[in-house]
Amino acid sequence: SAKYLVIVRDPVAVLQSMRTMHFFLFGPVLRPSLDDFVALYTDGRERETGWADHVHGWWRLRHLPNVQILFYEDFVAEPERTVRTVAGFVGTELGADLLGVVVERMSKDWAIRHCDHDSGHNTPFSPPAVYRQESGSASTFIVNSTTFFSRKEADRFSPAQESRIRSAARAKMLALDTGGGMDGTDFIKSHPEY
């Protein structure tokens, strides 16, 4: 009786995050142009395990009692409510003190303050090895990766590219509605912002 907690994030934000990681892993030399990068995920060459496949696959199981779908944007906007949802899903009661600790430890500020403690092994906040060689600090990696695109507007998707990403994600969701299924259609109707 396993339980599945599924996180869905805006497809544009997913690709923007992936673009950031490509920069930090491969540097500017091996990084494709923004147009080429967007084309990789919107021209039909996307691998079978792309965003729409992931979301559609779980969305069609959303009614099962052991599946809980959460949205990344809700984590950010309403962390306390999200923690309560997760706790209820896994059958755990959270008192006010524990709830406060969990919500605090979900924050980027907490991660930055605590990720550089040397435990002798990688943590969820450990940067890629190539970046550690340059900066030596997980907190530097977190701060730099989350502010990179705000400083470098040329690497942000244009409104036209964002529209292309969303259109491709929606089209793939609808294409996955085979055999009379309407899960992609239902997801798009219930989450038009995606």
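**Questions about a predicted fold**

There are 11 helices and 2 strands in the protein, where helices (H or I, at least four residues) and strands (E, at least two) are DSSP runs numbered from the N terminus. This is a predicted model in which local features need pLDDT of at least 70 and side-chain atom pairs count only at pLDDT 80 or more, while totals for chains, interfaces and linings use all residues. Residues are numbered from 1 along each chain as its sequence is written, and side-chain values use heavy atoms, with hydrogens and water left out.

Me: Happy to start with the strands: in which sense do strand 1 and strand 2 pair, and over how many bridges?
Reply: Two strands pair if DSSP finds at least two bridges between them. Strand 1 (residues 4-8) and strand 2 run in the parallel sense, and their number of bridges is 5.

Me: How many residues of strand 2 are buried?
Reply: Buried means under 20% relative accessible area, exposed over 50%, and partly exposed in between (1.4 Å probe, protein chains only). Strand 2 spans residues 67-71 and is mostly covered. Of its 5 residues, the number buried is 4.

Me: Is Gln 68 buried, partly exposed or exposed?
Reply: Gln 68 sits in strand 2. Beyond its neighbours within four places in sequence, Gln 68 has contacts (heavy atoms within 4.5 Å) with Tyr 4, Leu 5, Val 6, Thr 85 and Phe 89. Its relative accessible area is 21%, so Gln 68 is partly exposed.

Me: Why does Gln 161 count as buried?
Reply: Gln 161 belongs to helix 10. Not counting residues up to four places away in sequence, Gln 161 touches Leu 34, Asp 35, Val 38 and Arg 156. Gln 161 counts as buried because its relative accessibility is 10%.

Me: Which backbone nitrogen lies 2.8 Å from a polar atom of the Gln 161 side chain?
Reply: A polar contact is a pair of N or O atoms within 3.5 Å; within protein, one must be able to donate a hydrogen and the other to accept it, and residues adjacent in sequence count only if both atoms are side-chain atoms. At 2.8 Å from the side chain of Gln 161, the backbone nitrogen is that of Ser 158.

Me: Nice, now the helices: at what angle do the axes of helix 10 and helix 11 cross?
Reply: Axes are lines fitted to C-alpha atoms, for helices over the stretch in contact, and angles run from 0 to 180 degrees between N-to-C directions. The axes of helix 10 (residues 159-175) and helix 11 (residues 183-190) come within 7 Å, and the crossing angle is roughly 145°.
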